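We will go from sheet to core to cavities, one stop at a time.

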Amino acid sequence: MTAQQEAVLDQPTTTTDADQVVPALRAQVTGDLLDIVVDLDSGHGCRLRDLRDGTEYLDMTMFFSSAPLGHGHPDLRDPEFEAALLRTARVKPANPDFATVEQARFAATFRRVAGVPELPLLFLIDGGTLAVENALKVAFDWKTKHNASRGIAVRGSRVLHLERAFHGRSGYTLSLTNTDPVKIRDYPMFDWPRIPSPAVEPGPRWDEPELLPEERTALEAAEAALRRHGHEVACFVYEPIQGEGGDRHLRPRFLTAVQELCRAHDVLTVADEVQTGGLTGSVWAHQELGLEPDLVAFGKRMQVCGVLGGRRVLDIADNAFREPSRISSTWGGSLVDMVRATKILEVAERDGLFENARRMGELLLGELGALAAEFPQLIGSARGRGLMCAVSFRDPALRDAAIAAARDRHRTLFLPSGPDALRFRPALSVTPEEISEAVAALRSTLAELG
């Protein structure tokens, strides 16, 4: 640590010396902090306010989508709701072992607003990565028990997955993530079968009824992996839209073909909806795509992370959801998060916010398409489903410059995605005016860079 960093740490950090917050955190806490101090008591809609000087930013990131109602939503300032938050914040119960009215209310609200009838089983935990990891554990358990029921003494211990995937950075998920090499470099990993990821650009090819050549190649690779590893393959895990990999869209025709192949080989399918859940125009992207996963991992917009399970999982009576202590954690998610999630789901249901995401997404995608036509030398491939939208830059370095310039000169926050994409993740409550303003900021930025 440098002398300057030590000096920063020695200074008291309170709300009255907000100027020291960013340097103090950068000196002590691992992260990629923006030069912004969030004012938790202010902000409105898609506008985030800097506590230091009141600067407002048009926020198209929403804390990587974990603020689905935007900033300063009035329902999250309701005195009764704030009292419920305070009551649950005083303690930290072990939710899997000690029941509370708050957890029961969350579970009932989640089932009503976001539940899938064919996936009645629910497991809760902190973190999207751990949601995916526990979905894999359910699949390992299921496949091993399924094999045993047929007299096959083989453990289900392998996971079929896609190139350009991001499923987290925990013990199991490291073996699946293959985006930025920095995230996985030199860590030990399992040699699990990986197949090509045939993402398709928007256009006429998207509606082709037959498998495209690159999709057939990927499907053949999946068949070869299933033949090679036989009864060891427990599941196929996929993101309906590969977010970290660059907002890459996989056609439902391809994913359905892999799903059918997995069923034929007694392999579960796992939809990783940590990024896509609640954003694509319906509660779950797999519903939009007509898919039928056996397990769904969720997080981010849902506030509480976890796994939905059902379909073929229910073929094993003592599946990992039901066998005591097979999967569990001390806290089973945060009770404070459950109270907040309950309110957010109620607001989303009352105000039709999932449908709003569909309508506003159509508007955003249309504006991004016009922007790509206006600056074809800089950007292209405007794509999206609901509010999960992106454009790609011809020059990856220019993408990074555009994000910095939009933030510093136009007070608009965007996120990178993959090697060359700029992604939008606005609040579910975003308005047409906020979308138009964000696109205008990007247009001004492109004009300056071009």
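**Stop 1: the sheet**

Select the strands of the open sheet: there are 7, running in the order E3-E11-E10-E9-E6-E4-E5, with mixed pairing. Now colour strand E3 (121-125) and strand E5 (194-195). These two stand at the edges. Each has a single partner strand, so one side of each is left without a neighbour in the sheet. What holds strands of a sheet together as pairs? Backbone hydrogen bonds do, in either a parallel or an antiparallel arrangement. Keep in mind that this is a predicted model.

Next, select residues 268-272, strand E9, and residues 295-298, strand E10. In which sense do E9 and E10 pair? They are parallel, joined over 3 bridges. Click Asp 272, then look in E10 for its bridge partner, Ala 297.

**Stop 2: the cores**

Turn to the largest nonpolar core, which has 84 residues. Show the side chains of Phe 110, Trp 284, Leu 368, Ile 379 and Phe 424, the residues with the most contacts inside this core. Which helix gives the most to this core? Helix H11 (residues 353-374) does, with 8 residues.

Zoom in on Phe 110. Set aside its neighbours within four places in sequence. Phe 110 is then in contact with Gly 115, Leu 122, Trp 284, Phe 298, Met 302, Leu 308 and Leu 345. Another core lies apart from the largest one. This other core has 24 residues, and you can find it by selecting some of them, including Phe 140, Val 159, Val 313 and Phe 321.

**Stop 3: the cavities**

How many cavities of 30 Å³ or more are there? The count comes to 2.

Start with the largest cavity, at about 50 Å³. Select its lining: Pro 68, Gly 278, Arg 301, Met 302, Ile 344, Leu 345, Ala 348, Phe 354 and Leu 428. By class, that lining has 7 nonpolar, 1 polar and 1 charged residues. Now highlight helix H10 (residues 335-351), which gives the most to this lining, with 3 residues.

Move on to the second largest cavity, which holds about 40 Å³ of space. Its lining is Met 62, Ser 65, Ala 67, Pro 68, Leu 279, Arg 301, Arg 425, Pro 426, Ala 427 and Leu 428. Here the classes are 7 nonpolar, 1 polar and 2 charged residues.

Note on methods: Residues are numbered from 1 along each chain as its sequence is written. This is a predicted model: local features need pLDDT of at least 70, side-chain atom pairs count only at pLDDT 80 or more; totals for chains, interfaces and linings use all residues. Side-chain values use heavy atoms; hydrogens and water are left out. On a 1 Å grid over the protein atoms alone, a cavity is a set of points where a 1.4 Å probe fits but cannot get out, and a pocket is an open set with protein on both sides within 12 Å along at least five of seven lines; lining residues have an atom within 4 Å of a point. Grid points are joined across faces, edges and corners, and a volume is the space filled by probe spheres set on the points. Helices (H or I, at least four residues) and strands (E, at least two) are DSSP runs, numbered from the N terminus. Ala, Val, Leu, Ile, Met, Phe, Trp, Tyr, Cys and Pro count as nonpolar, Asp, Glu, Lys and Arg as charged, and the others, Gly among them, as polar. A nonpolar core is a set of buried Ala, Val, Leu, Ile, Met, Phe, Trp, Tyr and Cys residues joined through side-chain atoms within 4.5 Å. Buried means under 20% relative accessible area, exposed over 50%, partly exposed in between (1.4 Å probe, protein chains only). Contact means heavy atoms within 4.5 Å. Two strands pair if DSSP finds at least two bridges between them.
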